[in-house]
Every structure is written in structure tokens, then in C-alpha cells.
Amino acid sequence: MATSDTKLADTDEKIFIGKGEETAWLTLALANRHGLVTGATGTGKTVTLQVMAEGFARAGVPVFAADIKGDLSGISEVGEAKDFILKRAKEMGLTFQPDQFSTVFWDVFGEQGHPVRATVTEMGPLLLSRMLDLNDVQEGVLNVAFRVADENGLTLIDMKDLRALLDAIAPDGSKKAADDEEDPLAPIRKAAQGYGNVSKATVGTIQRQLLVLENQGGAKFFGEPALTLKDFMRTDRDGRGIVNILVADKLMQSPRLYATFLLWMLSELFEELPEAGDLPKPKLVFFFDEAHLLFTDAPKALMDKIEQVVRLIRSKGVGVYFVTQNPIDVPDKVLAQLGNRVQHALRAFTPRDQKAVAAAAQTFRPNPKLDTARVIMELGKGEALVSFLEGGGTPSMVERVMVRPPSARIGSVTPEERKAIMDASPVKGKYDTAVDAESAYEIIQKRLAGTAAPADGSAGGEGGGILGQLGSIASTIFGTNVKRGRMSTGQVIARSVTRSVTDKVIGGVAADLGKSLGGSVGGSIGRALVRGALGGLLRR
């Protein structure tokens with residue numbers, strides 16, 4: 001056993017996790033090969049997650065983690081030298097050194113952290129269908145709605161935009177317009193029917209599911225300003241990675257919303273980040289707690305895409321660590337991608353439990369000195385079986401270790417401490433005030449009121465005509481005629497569609513013209529919108 005902490009401290013290349021007969025090190029260069037932390041309730045998973053997050057932060061790697069019970073928030077405060085912590089440190093040959101880590105709190109509901117928002121357009125139909133628990137027919141109609149919106153420059157920012165669009169594509173057989181009275185939404189309805197039968201009943205069902213989501217508070221997730229994921233990838237003035245904590249105690253009351261939200265963030269990272277190859281350490285580590293919710297009742301098509309994202313995001317420099325009770329909660333194709341494993345105790349009181357223990361034991365590389373299945377049931381609180389990837393990228397033999405004590409506080413912060421952290425946050429003020437920019441709802445209302453720009457583009461803009469519109473839109477994109485803090489529709493589309501500053505300008509102008517001109521011009525412009533593996537916009 002080591003006699004000083006100098007031999008067991010984190011280094012520039014690896015993180016010290018725990019110690020038994022052998023020392024458990026997590027190699028930073030292999031940390032983007034993903035991982036799994038499992039164990040029954042109360043066996044120490046959250047503490048292990050905190051130890052890993054602290055190690056990554058010390059190494060300058062930003063961390064994102066969902067905080068289900070509020071216990072992880074203590075990482076932001078100085079650790080306390082309590083008796084059980086000192087005892088464990090002494091048994092491991094460590095000198096306990098209290099520490100704290102720069103933390104940013106996030107909250108979908110904007111109550112205990114900075115609001116986290118995305119636009120409906122950015123979310124995409126696949127993940128939104130999952131969030132709404134739609135069947136295949138309903139998902140198909142939602143895909144039609146998104147296609148019509150994309151091709152007609154109808155930016156979907158929040159729930160009222162999506163509701164307005166669904167109303168616009170629904171057939172309205174009861175309205176018999178006079179010959180001289182044209183339905184202003186007829187082109188939208190015709191475009192929708194061109195992709196297949198869109199029934200009023202199906203649209204009504206989707207609208208009711210939206211109401212359920214709104215009643216769960218999900219409407220607060222959709223809006224502007226939308227989250228910039230690079231705000232997760234920050235370091236503090238000391239070069240340490242910032243720990244981003246998603247306050248998820250209330251969010252967990254809507255498990256499907258929680259799982260889809262985290263999957264959306266993962267897919268956004270996958271789409272936005274460039275290829276990075278093999279790095280000496282990850283750009284970001286993403287802890288996905290209660291990971292079984294991601295896979296429960298997920299259709300095969302979605303499962304295949306999740307597996308694809310998990311497999312490929314490694315090359316973007318992102319490490320994903322799933323936290324759940326049992327390895328069998330994770331599908332085999334995804335489990336095969338998780339090279340770094342930490343297994344806390346499992347209890348086997350029933351034949352089904354015994355089968356789960358045996359399955360968990362089989363996920364490790366065997367150690368002739370250990371009966372893995374038996375040890376899993378014997379582990380005490382804070383003990384774990386670990387297997388981390390070695391130099392060649394192969395898993396080490398499973399070892400029984402005691403997980404090191406965290407340096408920061410174990411437990412939650414007080415409301416006063418949370419407020420102080422948020423007041424000093426590097427993103428304070430950036431997301432805290434919602435912005436209601438012009439989008440699909442406003443555009444559709446203008447068409448219904450007969451105030452939308454005529455299809456020939458003869459009105460509007462300084463000097464009139466298309467040139468006048470170009471000048472006006474360009475001024476809007478560059479911010480010269482938009483109130484400070486307000487994001488114009490042109491800016492929203494530009495941000496979503498384009499890959500460079502030049503393309504942003506062109507894309508913004510084209511999108512706004514598409515809304516004004518409609519018809520074939522709007523359609524050709526809309527087809528520039530390209531969606532990625534999980535249906536989100538490609539914005540590189």
C-alpha cells in the first residue's frame with residue numbers, strides 16, 4: 001500500500017480512481033472511448049461520478065453531468081474533512097486535500113440554473129416524436145410538418161410556432177371559400193398533402209400530445225436564445241475544466257423529456273464538433289445518469305441512430321459515460337462501445353436478479369484471482385469492480401478497489417450558495433431572458449390577416465422590390481435595425497443553416513426572401529436545410 005499521496009495523485013496523463021491490490025487509473029487519452037458506471041441504489045455511484053468529474057476537471061477537461069438528486073452540486077464547494085473521509089483516505093495512503101471546482105448550473109425550467117433552450121427547428125422531428133411518444137403514423141405527419149416548414153422558411157422556435165404550423169397543414173374541408181376568396185394557407189396545405197395523407201384527426205392527436213408536454217413544463221425548453229453548446233466547453237482561469245451540472249430533480253418527473261433532452265444535447269455535440277482524431281485528453285466528458293431511460297421502449301430505428309452517434313462521437317473528442325443500475329439496461333451494441341467500466345454492488349434476491357448479476361460479471365475481462373459474480377454481491381459501499389482501457393485500447397482485467405474520496409463537498413449546496421455561483425457564472429445574462437423573435441406563428445398570422453408580403457415581392461423594404469428587401473434584411477442580419485438582445489428570424493435561420501460567416505449572410509437573406517416570396521423560390525431555398533443523424537440541423 002502506498003504511504004503518500006505523491007504516488008496516487010492525478011497526473012497529466014491519467015486520473016486516480018481507486019485502489020485495491022492494484023491501483024485503478026483512468027487514462028485520459030482513452031477516456032473518449034466512453035464508459036459505464038453501474039450499481040444498485042445507495043452503493044456509491046454518485047460519489048464515483050463525482051470523483052471522475054473532479055479528475056477530468058483537474059486535467060482541464062470540461063464536464064457535463066445530470067444531477068438527479070441534487071447530491072452532485074456539492075462539487076462546487078470546498079470538501080469537508082469528515083471522519084469517514086479521513087479514514088478512507090488514510091487506508092488508501094492518501095492525504096485528504098479539500099478542493100472545489102468551477103461550476104455552472106443549468107435547468108430546463110430556469111429555476112435552479114440558467115435556462116436551457118432549443119428551437120423546435122433545431123430539435124427535429126425524430127427526437128420530438130420520441131419526446132411526444134408518437135406512433136409511426138403521427139411521426140410521419142410530424143415529419144411532413146417539418147419538411148413544409150423547412151421548404152417555406154417557417155422557422156419553428158417555440159410551441160406556438162409548431163401549433164400554428166400543424167393547424168396550417170391540417171385539411172379544412174368545412175371551409176368552402178367563395179370563388180373570389182382564396183385561402184391564404186392553401187399553398188401550405190397543398191404542400192403538406194403532396195407528401196402523403198395528412199388527416200385532421202392525426203394532427204389533433206399530435207396537438208393533444210403537445211398539451212401533455214406543455215403541462216409537464218416542456219414548453220420552457222423551446223425558445224430563444226437557444227443554447228450554444230460551446231458554453232459547456234469552457235475552462236476557468238486556472239485552466240481547469242468547468243463542471244456543468246444539469247439540475248434534473250424536477251425534470252426526472254418527466255422521464256421521456258429528460259432522456260430526449262440529453263439525447264438531443266449528445267446529438268448536437270455530434271453534429272457540431274469537427275473531427276478531432278486521437279487527442280491526449282477529451283474535449284468534453286458527458287455523464288448520462290439514469291441511462292436506462294434512454295433505451296426504454298425506444299424503436300429500433302432510433303436505437304440504431306443512438307448506437308451510431310455513440311460509436312462516432314468518440315472521433316469528435318467527446319467521452320460519454322452512462323450511469324445506471326445494471327449493464328443489461330444498456331443494449332449490447334451500445335455496451336460494446338463502453339470500454340471503461342465501474343461496477344458497484346448488485347443484490348440478487350430473486351432468480352431474475354441472479355441472472356442480472358451473472359450478465360454484469362460477463363461484461364468484464366476475467367481475473368483468475370476473482371470470482372466476479374460473487375464479488376459483485378459482496379461489495380461494500382464505496383467499493384467497486386473496475387476495468388479501464390490500457391495502452392493498447394484493450395480492457396484491463398477486472399479489479400476490486402476502494403474508490404477514493406472526493407476532494408469537494410459530498411452532498412448538495414444551499415440555495416444561498418447556488419445563487420452566489422449563478423451570480424458569478426460566465427454565462428450570466430446570456431440565457432436568462434427569453435426572446436420572442438418573429439417566426440412561423442407570426443408569419444402565418446400575417447398571412448391569415450392578409451398583411452404578408454405579396455408573392456411578387458413588389459412591396460416592402462427601402463426603395464421597394466427585392467433590392468429593397470435585400471438591404472433591409474442585410475441590415476437586420478448585421479443588427480443595425482434590430483433592438484439589442486432581439487434575434488431576428490434572418491439571424492436564426494442563418495445560424496441554423498450555414499457553415500461560415502459568408503454563408504450566414506447568404507443563408508439569412510435567402511431564408512427571409514423565401515418567407516416573403518414563397519412558392520418555388522422559398523422551396524428551393526428551404527431545401528438547403530440539411531438534417532443530421534438524429535434529425536437535428538447540420539450547423540457546421
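**View 1. Helix H1 supplies six residues, the largest share, of the lining of the second largest pocket.** The model is predicted, so local features need pLDDT of at least 70 and side-chain atom pairs count only at pLDDT 80 or more, whereas totals for chains, interfaces and linings use all residues. Residues are numbered from 1 along each chain as its sequence is written, and side-chain values use heavy atoms, with hydrogens and water left out. A pocket is an open set of points on a 1 Å grid over the protein atoms alone, with protein on both sides within 12 Å along at least five of seven lines, and lining residues have an atom within 4 Å of a point. This pocket holds about 600 Å³ of space, and of its 32 lining residues the closest to the centre are Gly44, Lys45, Thr46, Val47 and Lys69. At least two lining residues come from each of helix H1 (45-58), strand S4 (63-67), helix H2 (83-91) and strand S9 (318-324).

**View 2. The axes of helix H5 (residues 136-151) and helix H6 (residues 159-169) come within 10 Å and cross at roughly 100 degrees.** H5 and H6 are therefore roughly perpendicular to each other, a term that covers angles of 65 to 115 degrees. In contact (heavy atoms within 4.5 Å), Val141, Leu142, Ala145, Val148 and Ala149 of H5 meet Leu162, Leu165, Leu166 and Ile169 of H6.

**View 3. The largest cavity holds about 30 Å³ of space.** A cavity is a set of grid points where a 1.4 Å probe fits but cannot get out. Leu229, Lys230, Met233, Glu268, Leu269, Glu272 and Leu273 form the lining of this cavity.

How values were computed: Axes are lines fitted to C-alpha atoms, for helices over the stretch in contact, and angles run from 0 to 180 degrees between N-to-C directions. Helices (H or I, at least four residues) and strands (E, at least two) are DSSP runs, numbered from the N terminus. Angles under 35 degrees count as roughly parallel, over 145 as roughly antiparallel, 65 to 115 as roughly perpendicular and the rest as oblique. Grid points are joined across faces, edges and corners, and a volume is the space filled by probe spheres set on the points.
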